Amino acid sequence: MTETLLDLRNLHITLPTEQGDLHAVRGVDLKIEPAQTLCLVGESGCGKSLTASALMGLTPRYARTRAGSYNVCGNDITDVDSPALKRLRGDAMAMIFQDPTAALNPTLTIGQQLTEAVMLREKLSHAEADTRAINLLERVGIARAETRLARYPHEFSGGQRQRVMIAQALMSQPRLLIADEPTTALDVTIQAQILVLLKELQDELGLGILLITHDLGVVAAVADEVSVMYAGRIVEHADCDALFDLPFHPYTQGLMRAIPVPGVTPRGSHLPAIPGRVPSLIGEMPGCAFRERCSSAGADCERGSVPLHRVQSIGKSERSFECHRVEGGPLA
Ligand SMILES: Nc1ncnc2c1ncn2[C@@H]1O[C@H](COP(=O)(O)OP(=O)(O)OP(=O)(O)O)[C@@H](O)[C@H]1O
């Protein structure tokens, strides 16, 4: 199937606060094709999680969420309150979270949690739903899965609960998986196993994956494309190799400088973090939101909207970035 799995244009999310309207997401575009992994990266507070929750129709009730257009697997769900979005959730698309306690109910067995929704939706028998659950639990590396369906979440370790949550998300055989920092809380060995598992499942099932992470090591390992988010906007988007070879946006360059290089970065040395903090997202924000932290910024960066540059790299998808100062240029 070659149908685009996710096509989102011009997403805005505003949250009322005592200090005024917090415009957390300011015109985000995202696109994911089958079997593609798009990584959404950026520092804490840039709007990544809110963007992910909007994709699932799960922003807080008091948030104002609107999109120019939003299409999932050929379904137009631009109206984020539409019942069609509810139907697609847990069907064509599913989400895994950083913290499995958000997804697993401590009072129900793993078997109940994995099987009940698909029995209802797909009219599967108990036996059919159990078979699918056992297969998936084994697939995610839960040994003796058959005997563990009757167990409760607290009887599993943290890494196992994370795997169970992935199995739960896959029960509906989704085409699109949204993963918000799914491995951040895990130790590096389990993190690597889960990333390998997601890759295998993707190859087998043609899953499209949106992976939210602040870890550029993870991005380098799994991303096909990368969107870099800063202060509610995608400031740079590129093919993963192109981005790591030549980051254009000063923010992306700053993120890259903070990655330790094995064998090059001395142990215990202080990596050059980007000075300053993400600005307040309350109210209007004319000019470039990164200018206070950018060594290339000038007076022009305080004004107007930030120019968008598009660059066609040979044999790769188009890349783009927003900056007053860096013009970019054709890539070899
Ligand atoms: N429910 C909420 N009510 C009010 N403000 C919120 C809410 N959720 C998020 N925000 C604010 O919106 C902005 C974006 O938050 P979001 O959680 O999407 O960022 P993030 O990039 O995912 O960060 P992190 O990596 O820490 O999760 C932040 O300023 C945050 O404080």
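## A first look at the chain and its helix α3

Of the 332 residues in this protein chain, 37% count as buried. Keep in mind as you explore that this is a predicted model. Let's start with the whole chain and then zoom in on one helix, α3, which covers residues 110–122.

**The whole chain**

- The protein chain contains 10 helices and 13 strands.
- Its C-alpha trace spans about 65 × 50 × 45 Å along the principal axes.
- How does the radius of gyration fit a compact globule? For 332 residues, such a globule would have a value near 20 Å, and the protein chain has 21 Å, so the two agree.
- Among the contacts in the protein chain with a separation of 6 or more, 63% are between residues 24 or more positions apart.

**The shape of helix α3**

- Helix α3 has 13 residues, and from its first C-alpha to its last it reaches 19 Å. That is close to the 18 Å expected at 1.5 Å a residue.
- Where does α3 bend? Look at E116, where the helix bends by about 25°.
- After α3 comes K123, a residue whose phi is positive, near 55°.

**The buried side of the story**

- Which residues of α3 are buried? They are I110, G111, Q113, L114 and T115.

Terms used
Residues numbered from 1 in each chain as written. Predicted model: local features only at pLDDT ≥ 70, side-chain atom pairs only at ≥ 80, totals over all residues. Helix = DSSP H or I, 4+ residues; strand = E, 2+ residues; numbered from the N terminus. Expected span 1.5 Å × (residues − 1). Bend = angle between axes of the 7 residues up to and from the residue. Buried ≥ 20, exposed ≤ 12 C-beta atoms within 10 Å, placed from the backbone. Rg over C-alpha atoms; globule rule 2.2 N^0.38 Å. Contact = placed C-beta atoms within 7 Å.
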